[in-house]
Amino acid sequence: MTSSSEPSGHGRSGLRADAERNRQRIVAAARDTFADLGIEAPMDEIARRAGVGVGTLYRRYPTRADLIAAAFEAKMTAYADAAREALADPDAWRGFCDYVQRICAMQAGDRGFTTVLTMTFPTARRLQADRDRAYADFTALVERAKNAGRLRADFATEDMPMFLMANAGVLTATADAAPETWRRLVGYLLQACAAPGTEPLPAPPTPRQMYRALLRSTRRQHDR
């Protein structure tokens, strides 16, 4: 006969398992909801999709930033890996083109992705480290393509956020009627990047200016 003082099969280990299942459901629901509605999506909608109460969601993720960091951690790693894999391509121009196409495809598949690139996450060290790694590798990717004589010499790293803003506009305008239109835009952009450029470009914006512009652009997209 089992003593009433002995732990049952639904003791602390069972509670931990339930909590982990809830966490996984919340993160999966957040990924889907942010992809569909953007990162300003209602928290109660995320809880509904996860099949948990709003209180359970907030106990696990007290702030929206906490939930965003958890939801986008894997995607930020994929973002960083994209630049590292592009650098591994022996063809510098092909690596550059594949990277631009891959990042724009990530953006096409997730409305919240571009916004997350403009955010800071002081407590999410892995996410911050991945973003820093992505920027460093992209800078190296650009220099390598220039040194190979394939990327126009006046291309600036700040041009990539500009590409993402342009892509966001096309994605918004064509989402229902012609969802693959963004691929044609990216094709045009890459042709414009090829060396030698026919005409010199105006000076690029500073990194701070481009960051602010990208942040404003993504906010406008979510306000619509």
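This is a selection-by-selection tour of the predicted model shown above.

Residues are numbered from 1 along each chain as its sequence is written, and side-chain values use heavy atoms, with hydrogens and water left out. Because the model is predicted, local features need pLDDT of at least 70 and side-chain atom pairs count only at pLDDT 80 or more, while totals for chains, interfaces and linings use all residues.

**Stop 1: helix α5**

Select residues 92-108, which form helix α5. Helices here are DSSP runs of H or I with at least four residues, strands are E runs of at least two, and both are numbered from the N terminus. Helix α5 has 17 residues and spans 24 Å from its first C-alpha to its last, close to the 24 Å expected at 1.5 Å a residue; the expected span is 1.5 Å times one less than the number of residues.

Now select Asp91, which caps the N-terminal end of α5. One of the side-chain oxygens of Asp91 lies 3.1 Å from the backbone nitrogen of Trp93. A polar contact is a pair of N or O atoms within 3.5 Å; within protein, one must be able to donate a hydrogen and the other to accept it, and residues adjacent in sequence count only if both atoms are side-chain atoms.

Which residues of α5 are buried? They are Ala92, Trp93, Gly95, Phe96, Cys97, Tyr99, Val100, Ile103, Cys104, Met106 and Gln107. Buried means under 20% relative accessible area, exposed means over 50%, and partly exposed is in between (1.4 Å probe, protein chains only). To see what the buried residues of α5 pack against, show α4, α6, α7, α8 (159-174) and α9 (181-193). Contact means heavy atoms within 4.5 Å.

**Stop 2: aromatic pairs**

Rings of Phe, Tyr and Trp (its six-membered ring) pair if their centres lie within 6.5 Å; planes under 30 degrees apart count as stacked, over 60 as edge-to-face and the rest as tilted. By this rule there are 6 aromatic pairs.

Select Tyr79 and Phe113 for one of them: the ring centres are 5.7 Å apart and the planes stand at 75°, so this pair is edge-to-face. Tyr79 belongs to helix α4 (residues 64-88) and Phe113 to helix α6 (residues 113-117), and the pair links distant parts of the chain, 34 residues apart. Tyr79 and Phe113 are buried.

Stay in α5 for Trp93 and Phe96. With ring centres 5.7 Å apart and planes at 20°, Trp93 and Phe96 are stacked. The two are 3 residues apart, about one turn of the helix. Trp93 is buried at 13% relative accessibility, and Phe96 is buried at 0%.

A charge over a ring can be seen at Arg60, which lies over the face of Tyr61 at 5.2 Å from the ring centre. The rule asks for NZ of Lys or CZ of Arg within 6 Å of the ring centre and within 35 degrees of the ring normal.

**Stop 3: salt bridges**

A salt bridge is a side-chain nitrogen of Lys or Arg within 4 Å of a carboxyl oxygen of Asp or Glu. The count comes to 14 salt bridges.

Go to Asp18 and Arg21, whose closest N and O atoms are 2.1 Å apart. This pair sits in helix α1 (residues 12-37), 3 residues apart and separated by about one helical turn. Asp18 is partly exposed at 37%, as is Arg21 at 42%.

In helix α2 (residues 43-50), select Arg48 and Glu45. Their salt bridge has its closest N and O atoms 2.7 Å apart. Arg48 is exposed at 57%, whereas Glu45 is buried at 18%. Asp36 and Arg49 join Glu45 and Arg48 in a network of salt bridges.

What do Asp81 and Arg133 tie together? Asp81 lies in α4 and Arg133 in α7 (residues 125-147), so their bridge connects parts that are 52 residues apart in sequence. Its N to O distance is 3.2 Å. Asp81 is partly exposed at 26%, and Arg133 is partly exposed at 22%.

**Stop 4**

Select Asp137 in helix α7; Asp137 is buried at 10% relative accessibility. Leaving aside neighbours within four places in sequence, Asp137 is in contact with Ala83, Arg84 and Leu87.

Finish at Pro196, in the loop between α9 and α10 (207-223). The peptide bond from Ala195 to Pro196 is cis, with omega near -5°. Most peptide bonds are trans.
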